[in-house]
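Below are a few points to go through with the model open beside you.

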Amino acid sequence: MMAQDLADHLAPLPLTRRSVLGRGLAGAALLGTSLAALPGGARAQSAGADQGAGEITVDQAHQAPIPILIPDFGPGLGDRISQVISNDLSSTGLFRVIPGGSLPANARPDFAALKARGVRAAVAGSATGDGSVRVEMRLWDVLSGQQLQGTAYTASEANWRQIAHLIADVIYERLLGEPGYFNTRIAYIARTGPHRHQETRLAIMDQDGANPHMLTDGRWLTLEPRFDPSGSQLAFLSYANNRPRVYLYNLRSGQQSLLGSFEGISYAPRFAPNGQSIILAVTTPNGGSDIYTIDLASHSRRRLTSAPGVIDTSPCYSPDGRQIVFNSDRGGSPQLYIMNADGSGAHRISYGQGHYGSPVWSPRGDLIAFTRINHGAFSLGVMNPDGTGERILTQGFTVESPSFAPNGRAIVFCRQSASGSGGAGFSSRLGVIDVAGFNEHELPTSTGASDPAWSPFRNK
């Protein structure tokens with residue numbers, strides 16, 4: 001989220017900018033069928049089968065991206081599908097895509113010719129149909145001559161991009177041994193207008209920036225979207241009717257609903273891993289904020305922190321739901337703390353230079369991402385859950401709002417530039433970076449953007 005937004009709009013309230021640091025469409029069904037291996041080749045394997053000669057570790061791919069041939073799947077639609085697959089794989093920095101030519105899905109490749117071109121893996125494919133489309137793909141390990149995957153997808157032509165993302169996911173998983181994240185979405189805040197008076201809308205798009213949809217009309221300041229574990233609902237902060245509170249947005253029905261009513265401002269929401277409750281922060285009359293959980297079925301609430309005048313905020317569950325990382329100034333400056341899910345056992349984990357905020361736990365449970373301000377400079381980094389192994393991934397005038405891809409491999413975040421007189425030169429864009437700190441690139445959006453939230457895996 002944009003820290004200055006809350007600083008501006010909460011100015012009349014007992015919250016200062018130090019407390020703001022770190023607060024924190026379903027497509028049609030797709031039918032996938034396995035294709036048996038061609039004569040002389042290995043049988044098609046399921047995604048959970050032994051990877052065999054096709055598996056390469058991610059660390060190896062960091063050092064030497066995998067050269068993979070992605071040919072045309074046919075004219076028109078087939079060519080567009082090939083391009084999306086190529087873009088997905090290239091965006092990770094783990095693949096070196098070799099485009100062009102054709103490789104029929106119903107014939108064994110010329111492995112000697114592919115080896116001579118330096119190809120390590122090759123995709124064969126075709127796309128046919130009118131109205132509904134059938135896409136066939138085979139993934140080959142060029143060095144061993146084995147077929148690693150053979151699958152056909154059938155769907156309405158309107159869902160051709162989802163088919164392409166699914167194919168890219170299959171390739172990623174078969175070659176790297178972990179799930180791909182291309183068939184996912186990113187919720188964000190779309191921003192238009194002058195720097196100091198921007199219109200903000202809740203928005204959602206595919207993870208590559210395609211298919212953006214505006215979900216709210218921009219009448220009210222909107223911030224902090226967060227997905228539920230099913231990917232079908234968003235929690236977000238809205239200033240509707242000039243009362244900042246947390247709302248729920250159902251992505252299937254388009255309906256919005258208020259999440260409880262507090263005397264103070266409710267903000268920084270996140271869903272529990274089981275999807276049955278939401279954890280958030282609520283301001284208090286004495287200038288602090290406490291952390292609460294709200295049961296979505298009974299609407300009962302439980303307060304987890306209650307130190308007078310202390311600002312506890314930005315709570316985020318561990319993937320197993322047993323612990324919560326949060327931001328607190330209880331030690332005199334904003335730092336990261338971890339407590340048990342019942343609020344007990346709170347202890348500090350951040351000990352570097354500066355103020356820490358925006359903690360978010362990796363879906364794999366191995367890392368916590370954060371933002372840090374030191375001498376006015378923003379950094380985005382990761383650390384182990386015990387506070388060790390802190391690494392800064394990127395820096396800038398403002399870098400904030402980290403959110404992990406559902407496989408824990410990449411982080412999407414907001415990068416803002418400085419503004420001159422009258423807001424000239426200001427920009428707010430989304431970036432993506434690998435958790436190893438390489439392959440940073442901008443995520444294209446049709447408007448200014450902030451507050452990104454990466455969806456969980458979609459049903460395949």
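1. Are Tyr-181 and Phe-182 buried or exposed? Both are buried (under 20% relative accessible area, with exposed over 50% and partly exposed in between, using a 1.4 Å probe and protein chains only).

2. A word on the basis: this is a predicted model, where local features need pLDDT of at least 70, side-chain atom pairs count only at pLDDT 80 or more, and totals for chains, interfaces and linings use all residues. Residues are numbered from 1 along each chain as its sequence is written, and side-chain values use heavy atoms, leaving out hydrogens and water.

3. The whole structure holds 10 aromatic pairs (Phe, Tyr or Trp rings, the six-membered one for Trp, with centres within 6.5 Å; planes under 30 degrees apart are stacked, over 60 edge-to-face, the rest tilted). In one of them, Tyr-181 and Phe-182 have ring centres 5.1 Å apart and planes at 45 degrees, so this pair is tilted. Both residues also belong to an aromatic cluster with Phe-95, Tyr-172 and Trp-454.

4. Do look at Tyr-356 and Phe-370 too: their ring centres lie 5.3 Å apart with planes at 50 degrees, so the pair is tilted. Tyr-356 is in strand E22 (residues 355-361) and Phe-370 in strand E23 (residues 368-374), 14 residues apart (strands are DSSP runs of at least two residues, numbered from the N terminus). Tyr-356 and Phe-370 are both buried.

5. Finally, strands E26-E27-E28-E29 form, in that order, an open antiparallel sheet (pairing needs at least two DSSP bridges between two strands). Its edge strands are E26 (398-404) and E29 (441-443). Seven bridges join E27 to E28, and Cys-414 stands opposite Leu-430 in E28.

Conventions: Helices (H or I, at least four residues) and strands (E, at least two) are DSSP runs, numbered from the N terminus.
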